[in-house]
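Please study the sequence and the structure before reading the solutions.

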Amino acid sequence: MFDLIVIIRVSETTNIDTVADALSRMRPLCLSEDGCVSWEAYQSHQEPSRFVLVEHWASRAHWEAHDAGDAIQKIYIPEIMPRIEREVHPSMRVHSKHETVTA
């Protein structure tokens, strides 16, 4: 499993709705991609210009292949990237000491 968290900050408040709409259109495209386990976009109530993407992919290779898909090429790059600053964090879930972890 390859987990990813992307933190997005929309630079201009006039672009918040545009980015939110584009993210909502990306979701079904991402979910239909090979290896996408889940893909969610969240918008902060406290700071509406901040979004967090939580992505779970079957492998890093599946996530890397995602770059060539329609969600990235037709929506993310042209509609979202020019309007945001972002942080990309490959991540792992924090487990309790008492929890059994299987890889």
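**Exercise 1.** Determine which helix gives the most to the lining of the second largest pocket.

*Solution.* A pocket is, on a 1 Å grid over the protein atoms alone, an open set of points where a 1.4 Å probe fits, with protein on both sides within 12 Å along at least five of seven lines; lining residues have an atom within 4 Å of a point.

The model is predicted: local features need pLDDT of at least 70 and side-chain atom pairs pLDDT 80 or more, while totals for chains, interfaces and linings use all residues. Residues are numbered from 1 along each chain as its sequence is written, and side-chain values use heavy atoms, without hydrogens and water.

**Exercise 2.** State the volume of the second largest pocket and describe its lining.

*Solution.* Step 1: the volume, the space filled by probe spheres set on the points, is about 190 Å³. Step 2: 14 residues line this pocket, and Trp-63, Asp-67, Ile-72, Tyr-76 and Arg-86 are the closest to its centre. Step 3: two or more lining residues come from each of strand 1 (2-10), strand 3 (50-57), helix 2 (60-66), helix 3 (70-80) and strand 4 (84-91).

**Exercise 3.** Describe the secondary structure and extent of the protein chain.

*Solution.* Step 1: the protein chain has three helices and four strands. Step 2: their order along the sequence is β-α-β-β-α-α-β. Step 3: along the principal axes, the C-alpha atoms fill a box of roughly 45 × 30 × 20 Å.
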